[in-house]
Every structure is written in C-alpha cells, then in structure tokens.
Amino acid sequence: MKDSRGRFMAAGGGLLQHLGVKGEEDLLSSTDFAFFPPHLAHAMRMDDLRVMQTRQPMVDRLELLHSNRGTKRWHLTTKLPLIGPDGTPMGIMGVVRPCNDASDPAVPQQVRKAVAYIHDHFSESLSTAFMAKKVHASARHLNRLFHNAFGMGVQDFILRTRVAAVCQCLLCSNKPVADIAYEHGFYDQSAMSRYFRQYTGESPHTWRHRHRSAGSRPLPASGTAHCAQAAAKTLQDAFFAQLSSHLPLRQLLEHLPDMDYFTKDCSGRFTAIRSATVIRLGFRSEEEALGITDFDIHPAKVAEAIRNDDLHIMRTRQPMIDQLEELYTRPSVKGRFLTTKLPVTDRNEQVIGVMGFIRPAPGELLQVATRTPVELVVAHIRERHFEKLLISDLASIGKVSPRQLNRMFQESYRLSAQDFIIRTRVQAACADLVSTRNSLAEIACAHGFCDASTFTRQFKHHMGETPLIYRRRRTAG
C-alpha cells in the first residue's frame, strides 16, 4: 500500500523478504526508487499515477522485477486506487504474486523471450513483426499474449519501456531532450514528447524540472534510525486514519484470481462472499447468499468440521494458516484447498466472527498423474481459452471419447464442455473490461470470440448483463 507520493504505507512479509528488508518499519515512507533500478522504479511510478488518475484497476500485470540485490523474478501485479473520504485519490493498494515456475502458463516462454529482448534492445527499431519472428510466433498471436500478460500490445510495451528509461536519463543527465529522444529509439523530440505525455501526464521538460526540484528522500543516519522509524509509523497511522471504510480491501480481494474470501458471524452465517464465489455456488448476487452457512454448501460431515474450526479460532483468538482441506466448490465437485482464517473483533475487542480466504492447493499437491480427465481438460482450457478449441481434441487430452467428456463435464459443472469453454472466456474477458479501455471487438478477439456480437450475446447469457453495463457498473465512481 502506498500514498499518493509513492511512499510505502504497508507491505506483506513476502515483499519485505524480496526487498531484503527486515521489518515493515524499515520500509515505511520509502519508495520504489530505494529498492529497484531507476528505470523499473519509474515504470512502477507511472503505473501508480495512471491507476490514481484513471481510477481504474490494473489487474495481473506481468512484470520482470529486478531488485537492488541482483535478483530477477517474474511477478503478477494487481493495483487499485485508494479513494479518500473527500472523493480524491489518496494512494494505491495492491498485491504482487511471484511466478516461480518457468513453465507457468501465466508467463508464456514467448513472452519471456520477447520481454528480455526488449529490455536489452529498446533503443533499436523494434516492430511487432520483427519481435514475433524473434520468438517464432505470428504478430497477431504475440500481440494477444502481450495483451493477456500486460494489458497492452507489443508496441505499447516497447514505448512504455523507452519512456521509463527516458525518465532515468532526464533525472541523471543534462543532455538535451532531442538527444535523449534519439538515444532511446524515438524518431524525434516531438514523437518522444507526445508518448512521454501519454504515459506520465506531462512534458519531458516539466517532468525533469519537477523531479529535480523535489529531490530524493535521504536515508537516515544510523543514529537517527529509531526516530525515522517512529516518524514513518506516525505517517502510516495518519494514512490509515483517512480510509473511510473496508471497501478498498474488498475491491482488491475481488481482483485476486483463484482466491475466495469470506466473513462469517458468530453463528457461522456468511456476511461477505467474493462475487465470483457467489456465481460458482449458483447464486445470482451476494445478497442471495448472505445468511447461508457451510451446511448449505457442503455435506454435513465437512460442514461440521469447518464449523468446529471456526469455533476454535473464535475461542482461542489464534489464526489458522494454510490448512489443507477437501472442500466442495459446488454440489458433488470436490477439490483440495489451503484455508486461512482469523478471528474478527469489534471496537471493544470482542470476537464477532471469522474472516479468511481459500485458495487452490499448490500444484505439487495435485500431480498431473492423479488428475482426472476433466481436470486435465480444464487446465488446458484455462491456459488456451483464447484459441480455437475442438471437443474432439479436448477428448484426446483426457483420453476419453467426446461423448464421455461431455457427460463428465455435466456431472462436474452442470455444463457441456463447449459451455465451459465459453464461460471461461467470459470470465477472462471480465478482467479486461474492468482494467482496460479496449473496445468490445478487441476484447472479443483476445478471448476467442469471433466478433463483438457473439461476445455480447454469450456474456449476457453467463453474467446476466451486457459487457458495457458490466464495465460501467464495475468502474463507476
């Protein structure tokens, strides 16, 4: 979590470890410039400013982050604006998730190669066709991969990389803007200024003057470290005091893939559920699901075990972290999940319920060798939903006949295999509708629909409203 000036106000243990920081107190009021190479820090700052200016979330942006310790790791970053009581942006909050597996479908190998080449050669003339040839893909396919990974096409990614590098040069050198433009791959100063304003909101001259005038925050001397930490803690407390409600946290949790959050009261009744979970459970809205208990979702034996865990957490006030459970995501469909729960207290420190989140167990707990035909096919669909998928090909992956595959999907999801493909495409398109300004035709093409009309019809069938209404409702305010 950061304030409007880019200063960290809160951070989780995973990020602290990656940055090499011992505790949150050492991170407070620092910026990305203290931990990342300048060109990456500038790119992050541009993303932060855009999120605050447009008030639109940035969902699962794929980033190759280099820390000052020399480590490089792929991450998926989600950011949302924090709006103060007066209606103005006061900062951002977000989540950074590492992609550790080199075969992770979230980071296709072609994207990895293209990004590495762009980072090393961004000052050269790079066309989409040239980059596609470099990674052995068609230009259209590479653009689609970049849209899925970064929310932008290949050329936009190249321009963003150039602008971030220009920021560093403007800050650290006295070179004329025209020379900087030429050195960073722009045709002339005018072209660079146009794209620079597009990404930063101001001209290169204005940006250079403002950032040089502002200077950088000096690191405290060792003798004043304690005072600096105390001042940073005061800044953090003042920042959190401005938050008017729990709404920002709920908005962030809504954008986290493969994670279901919930809150329950002391009686075990659900008082908040993620919207995607609501749909998966067969309800049309959260309001319909409020008040139900685990006994309405799971078999009695499973629900009783869940209830006993809730009572133990409320009685001991101790969290339950990453407990492996077999839960039912819908009637008769069981999966393995990691569950984390914490007690919820009121202003008088009295326990009033529990809150928590559930996420699928890591891949090592679900080995491919033990997957059912449906699980193998579902994994393939989710990885390649934007491609043309034939039921006969999917049946071959599951080593069953097309008829058997459809029967298995009906038993597991109450959908045919084809309907499951369409629903997966619709759910993937939801993120683009909220996080980008792409047209319906562009989103339809990126997610495997033949045209905007077909996309709209299928979207309304599965979501109960048109894509435009969905976009307007989710981005309102």
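Tyr187 is exposed, with a relative accessible area of 77%. The model is predicted. Its protein chain has 22 helices and nine strands. Of the chain's 477 residues, 44% are buried. Mean pLDDT is 78.

**Confidence**

- In the protein chain, 77% of residues reach a pLDDT of 70 or more.
- Residues 100-105 have a pLDDT below 50. Beyond near neighbours in sequence, this stretch has seven contacts in the model.
- Residues 215-224 also stay under 50 in pLDDT. For this stretch the model has four contacts beyond four places in sequence.

- Take the contacts in the protein chain with a separation of 6 or more: 53% of them join residues 24 or more positions apart.

- Tyr187 lies in the loop between helix H8 (177-183) and H9.
- The relative accessible area of Tyr187 is over the 50% cut-off, so at 77% the residue counts as exposed.
- Tyr187 and Ser125 are 62 residues apart along the chain, and their C-alpha atoms are separated by 9.5 Å.

**Packing of H7 and H9**

- Two packed helices are described by the angle between their axes and the distance between the axes.
- Helix H7 spans residues 154-172 and helix H9 spans residues 189-200. Their packing angle is about 95 degrees, and the axes lie 10 Å apart.
- Angles of 65 to 115 degrees count as roughly perpendicular, so H7 and H9 are roughly perpendicular to each other.
- H7 brings Asp156, Leu159, Arg160, Val163, Val166, Cys167 and Leu170 to the contact. From H9 come Met192, Tyr195, Phe196, Tyr199 and Thr200.
- By class, the contact of H7 with H9 has nine nonpolar residues, one polar residue and two charged residues.

**Buried loop residues**

- His385 sits in the loop between helix H16 (373-383) and helix H17 (391-398).
- Buried means under 20% relative accessible area, so His385, at 8%, counts as buried.
- The side chains of His385 and His447 are joined by a polar contact of 3.0 Å.
- Beyond its neighbours within four places in sequence, His385 is in contact with Thr424, Arg425, Ala428, His447 and Gly448.
- Glu465 is in the loop between helix H21 (452-463) and helix H22 (467-475).
- With a relative accessible area of 14%, Glu465 is buried too.
- Not counting residues up to four places away in sequence, Glu465 touches Phe459, Lys460, Tyr470 and Arg473.

- Arg55 is not a glycine, yet its phi is positive, about 60 degrees.
- Arg55 is found in the loop between helix H3 (38-54) and strand S2 (58-66).
- The relative accessible area of Arg55 is 30%, and the residue is partly exposed.
- His136 has a positive phi near 60 degrees and is likewise a residue other than glycine.
- The loop that holds His136 runs between helix H5 (128-134) and helix H6 (139-150).
- His136 is exposed, at a relative accessible area of 69%.

Conventions
Residues are numbered from 1 along each chain as its sequence is written. This is a predicted model: local features need pLDDT of at least 70, side-chain atom pairs count only at pLDDT 80 or more; totals for chains, interfaces and linings use all residues. Side-chain values use heavy atoms; hydrogens and water are left out. Axes are lines fitted to C-alpha atoms, for helices over the stretch in contact, and angles run from 0 to 180 degrees between N-to-C directions. Helices (H or I, at least four residues) and strands (E, at least two) are DSSP runs, numbered from the N terminus. Angles under 35 degrees count as roughly parallel, over 145 as roughly antiparallel, 65 to 115 as roughly perpendicular and the rest as oblique. Contact means heavy atoms within 4.5 Å. Ala, Val, Leu, Ile, Met, Phe, Trp, Tyr, Cys and Pro count as nonpolar, Asp, Glu, Lys and Arg as charged, and the others, Gly among them, as polar. pLDDT is the predictor's confidence in each residue, from 0 to 100. Buried means under 20% relative accessible area, exposed over 50%, partly exposed in between (1.4 Å probe, protein chains only). A polar contact is a pair of N or O atoms within 3.5 Å; within protein, one must be able to donate a hydrogen and the other to accept it, and residues adjacent in sequence count only if both atoms are side-chain atoms.
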